[in-house]
Amino acid sequence: MLKSILSVSGKPGLYKMVSQGKNMLIVESLIDKKRIPAYSRDKVISLGDISIYAKDEDTPLYKVLNGVKAKEAGKPVSLDLTKATPDELRTYLAEILPDYDRERVYPTDVKRLLSWYNLLLKAGITEYDPQEDDKEEAEKSESGKDEAKKPAKTAKTQTAKDVSAPKITASTKAKQPVAKTTQRTRQK
């Protein structure tokens, strides 16, 4: 589920990908359901690709969100994010993820994580495990297998080489016109 939820730099909140165009994505805000374009110059990242720095190895975001959900019992974060001090934010994340890297994870990152959790709850998204995404991918691959079993139409396709340059034989070499000389080549 988190693969389709996006964060767009310069724009507040989270977005759900609706469609993909040539040079942009059409995203819908989880807050007010307005659709806006996200161009290729915008930094767009999927929540499924985000992880939190830990001492041993990075922890995927879905594990952290599930930890917040278990701590808060599926309710919004009890911490007031606008008035929380950096120490309060660090202790809150330490309760959920005790082995996070305190040097590389900043309080602003924790604040953003907790605000994302609240936004996802308001939008009605409470399942964060990637297993749903794996099921969708499995269904797509199964439908792809069914299409592969069907006999493909045999149509001869021309490559760019075939279309762009005709074959030159001895008879066509004699028929080709000689290149016109330009003033610059005459001066030499």
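1. Let's start with how helices α2 and α3 pack. In this predicted model, the axes of α2 (residues 86-96) and α3 (residues 107-122) come within 9 Å and cross at roughly 60°. Axes here are lines fitted to C-alpha atoms over the stretch in contact, with angles from 0 to 180 degrees between N-to-C directions. Helices are DSSP runs (H or I, at least four residues), and strands are E runs of at least two, numbered from the N terminus.

2. Who touches whom? On the α2 side the contact (heavy atoms within 4.5 Å) involves Pro86, Leu89, Arg90, Tyr92 and Leu93. From α3 come Pro107, Val110, Lys111, Leu113 and Leu114.

3. Now look along α3 by itself. This helix has 16 residues and reaches 23 Å from first C-alpha to last, close to the expected 22 Å (1.5 Å times one less than the number of residues). Its buried residues (under 20% relative accessible area, 1.4 Å probe, protein chains only) include Trp116, Tyr117 and Asn118. Among the elements covering the buried residues of α3 are β1 (5-8), α1 (61-72) and α2.

4. Just after α3, have a look at Gly124, which takes a positive phi of about 85°.

5. A search of the whole structure finds 1 aromatic pair. The ring centres of Tyr117 and Tyr128 are 6.4 Å apart and the planes lie at 50°, so the pair is tilted (centres within 6.5 Å; under 30 degrees is stacked, over 60 edge-to-face, the rest tilted). Both Tyr117 and Tyr128 are buried.

6. Last, some reading notes. Residues are numbered from 1 along each chain, and side-chain values use heavy atoms, leaving out hydrogens and water. Local features need pLDDT of at least 70 and side-chain atom pairs 80 or more, while totals for chains, interfaces and linings use all residues.

Methods
Buried means under 20% relative accessible area, exposed over 50%, partly exposed in between (1.4 Å probe, protein chains only). Rings of Phe, Tyr and Trp (its six-membered ring) pair if their centres lie within 6.5 Å; planes under 30 degrees apart count as stacked, over 60 as edge-to-face and the rest as tilted.
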